[in-house]
Amino acid sequence: MAQLVHEHPEVEAALRDGKPVVALESAVITAGLPKEPHELTAELGWSDWDDSQAVNLELARCAEQTVRSHSAIPATIAMIDGTLHVGVTSEQLERLATDPAAGKVSLSNLASASAQGMTAGTTVAATLEASFLTEYGNIRTFATGGIGGVHRNWTHLPDISADLRAIGRTSDMCIVCAGAKSLLDIPATLEALESLGVPVVGFQSRYFPQFYERGTHELACVVD
């Protein structure tokens with residue numbers, strides 16, 4: 001039987017010693033980004049970006065490097081052969097990015113995926129769950145792209161991401177993100193977050209962002 005959770009030694013040591021750790025989700029690696037190269041160095045001015053690498057792998061590497069550059073330890077969370085890994089090796093990161101069979105898991109299929117020995121990226125909800133299964137205290141900071149939320153036409157088909165309930169349960173976790181995905185019903189998503197008691201704070205922005213679009217819905221709380 002697969003081990004339920006495995007902590008990378010660096011992450012385990014950091015949590016034990018009270019050093020800052022930032023959790024990173026991995027569904028974006030296996031299911032959210034292109035698996036081929038794209039020239040972004042000139043377009044975005046990212047000097048550390050390697051245009052010869054696949055976008056999903058290079059972004060995963062850059063995300064970890066960005067965390068390290070701010071004196072914290074990155075903990076990319078993913079399922080490898082049925083085991084939830086809190087922190088992965090460079091080889092495992094590359095496997096997630098290149099394995100065509102690697103999908104994604106959320107809370108609803110976490111147990112079945114583990115039983116089947118799957119390798120997959122974890123959604124926001126599954127990543128948050130894994131962040132609270134560590135031995136030496138929970139990870140308190142989590143960074144992702146856009147969270148899931150309430151889908152459009154939800155009154156006819158109540159398609160609501162498990163991310164919202166998971167976020168509502170983790171009141172002592174700071175989630176840093178680019179808002180919610182733009183294809184969602186943003187007003188309904190904000191109402192759901194409020195109902196769940198989740199404070200939404202804008203960083204240097206008065207508006208709730210929509211992943212890769214500027215938002216139009218004003219926030220009550222903003223920090224500079």
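Author: Gly215 is buried, because its relative accessible area is 15% and the cut-off for buried is under 20%. The model is predicted. Gly215 belongs to strand β11, residues 213-218. Leaving aside residues up to four places away in sequence, Gly215 touches Tyr207, Phe208, Pro209 and Gln210. Pro9 is another matter: 206 residues separate Pro9 and Gly215 along the chain, and their C-alpha atoms are 39 Å apart.

Next, the aromatic rings. How many aromatic pairs does a search of the whole structure find? It finds one. Phe211 and Tyr212 form the pair: their ring centres are 5.9 Å apart and their planes meet at 45 degrees, so the pair is tilted. The tilted class takes what is left between stacked, under 30 degrees, and edge-to-face, over 60. Phe211 is partly exposed, at 34% relative accessibility. Tyr212 counts as exposed, at 65%. Phe211 also has a charge over its ring: the charged end of Lys181 sits there, 5.7 Å from the ring centre. Arg16 and Tyr136 give another such case. The charged end of Arg16 lies over the ring of Tyr136, 5.7 Å from the centre.

Now the loops. Gln204 lies in the loop between β9 (201-203) and β10 (207-210). Its phi is near 55 degrees, a positive value in a residue other than glycine. Most residues other than glycine have a negative phi. Gln204 is exposed, with 55% relative accessibility. Ser71 also has a positive phi, near 65 degrees, and is not a glycine. Ser71 sits in the loop that runs between α4 (55-69) and β3 (73-80). Is Ser71 buried or exposed? Ser71 is exposed, at 62% relative accessible area.

Last, a helix pair. Helix α7 (residues 124-131) packs with helix α8 (residues 162-169) at an angle of about 25 degrees, and the axes are 8 Å apart. That angle makes α7 roughly parallel to α8, since angles under 35 degrees fall in that class. The crossing of α7 past α8 is left-handed. On the α7 side, the contact is made by Val124, Ala125, Leu128 and Glu129. On the α8 side, Ala162, Asp163, Ala166, Ile167 and Arg169 make the contact.

Methods: Residues numbered from 1 in each chain as written. Predicted model: local features only at pLDDT ≥ 70, side-chain atom pairs only at ≥ 80, totals over all residues. Heavy atoms only, no water. Phe/Tyr/Trp six-rings, centres within 6.5 Å; stacked < 30°, edge-to-face > 60°. Buried < 20%, exposed > 50% of the residue type's maximum accessible area, 1.4 Å probe, protein only. Lys NZ or Arg CZ within 6 Å of the ring centre and 35° of its normal. Axes fitted to C-alpha atoms, helices over the stretch in contact; angles between N-to-C directions. Helix = DSSP H or I, 4+ residues; strand = E, 2+ residues; numbered from the N terminus. Parallel < 35°, antiparallel > 145°, perpendicular 65-115°, else oblique. Left-handed = near helix turned anticlockwise from the far one by under 90°. Contact = heavy atoms within 4.5 Å.
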